[in-house]
Amino acid sequence: MSVRSIRLFGDPVLKSPSAPIDAVDDGIRALVRDLVDTVELPGRAGVAAPQIGVGLRAFSYNIDGDIGYILNPVLVEVSGEPELTGEGCLSVPGLWHDVVRYPHAKAIGTDLDGNEVVLEGDGLLAQALQHETDHLDGKLYLDRLDRERRRVALREVRESDWF
């Protein structure tokens, strides 16, 4: 359908927990097309529905050229020793901070036909699964920063040209 604009830090949809998708209809199919079109742009690893202004539990991903989506994802497993990982967010453009993330993650959800989708992996995929499910829970990666890093990040947000 179309590439949708990304909602930025300060938009209330980004801080609100997303509702589950109860039934797949033409609106949900259009949402998935928009999520996939929007994540296909270079430099994007994931786009959650709230980032395009829709408060539903869905996200798309683009990891090493593997592009897809998942509806009603649940992060069912994280493992390994948590580590500081450099992270940014399309909703907080231009900022990059170290966030504690697990090196392995697994999410389970469904596709448009109701079939189970299992996304599991390490590295960037694990980070994206954690980052995007956070979006669906109304959290931004800035919320995961320690107190001092968060203070610095929020100052950077206030000083940015987009805020």
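Reader: Where does Phe163 lie?

Author: This is a predicted model, and Phe163 sits in the segment after α3 (147-159).

Reader: Is Phe163 buried or exposed?

Author: The cut-off for exposed is over 50% relative accessible area. Phe163 is exposed because its relative accessible area is 52%.

Reader: Which residues is Phe163 in contact with, leaving aside its neighbours within four places in sequence?

Author: Those are Phe9, Val157 and Arg158. Sequence distance and distance in space are separate things to read: Phe163 and Gly10 are 153 residues apart in sequence, yet their C-alpha atoms are 8.1 Å apart in space.

Reader: Now a helix. Which residues of α1 are buried?

Author: An α-helix has 3.6 residues a turn, so residues three or four places apart point the same way. In α1, the buried residues include Ile28, Leu31, Leu35 and Val39, and Asp34 is also among them. Cover for the buried residues of α1 comes from elements including β1 (46-48), β2 (58-63) and β3 (66-79).

Reader: What caps the N-terminal end of α1?

Author: Asp25 does, with a side-chain oxygen 3.0 Å from the backbone nitrogen of Gly27. You can check the length too: at 1.5 Å a residue, the 14 residues of α1 (residues 26-39) should span 20 Å, and the end C-alpha atoms are 20 Å apart, which agrees.

Reader: Which residues make the nonpolar surface patch?

Author: Leu75, Val78 and Tyr102 make a patch of about 210 Å². Tyr102 is in the loop between β5 (92-101) and β6 (104-110), and counts as partly exposed because its relative accessibility is 34%.

Key
Residues are numbered from 1 along each chain as its sequence is written. This is a predicted model: local features need pLDDT of at least 70, side-chain atom pairs count only at pLDDT 80 or more; totals for chains, interfaces and linings use all residues. Side-chain values use heavy atoms; hydrogens and water are left out. Patches are made of residues with over 30% relative accessible area and no salt bridge: like charges are joined within 9 Å, nonpolar side chains (Val, Leu, Ile, Met, Phe, Trp, Tyr) within 5 Å. Accessible areas come from the Shrake-Rupley method with a 1.4 Å probe; for residues, only the protein chains shown count as cover. A salt bridge is a side-chain nitrogen of Lys or Arg within 4 Å of a carboxyl oxygen of Asp or Glu. Helices (H or I, at least four residues) and strands (E, at least two) are DSSP runs, numbered from the N terminus. Buried means under 20% relative accessible area, exposed over 50%, partly exposed in between (1.4 Å probe, protein chains only). The expected span of a helix is 1.5 Å times one less than its number of residues. Contact means heavy atoms within 4.5 Å. A polar contact is a pair of N or O atoms within 3.5 Å; within protein, one must be able to donate a hydrogen and the other to accept it, and residues adjacent in sequence count only if both atoms are side-chain atoms.
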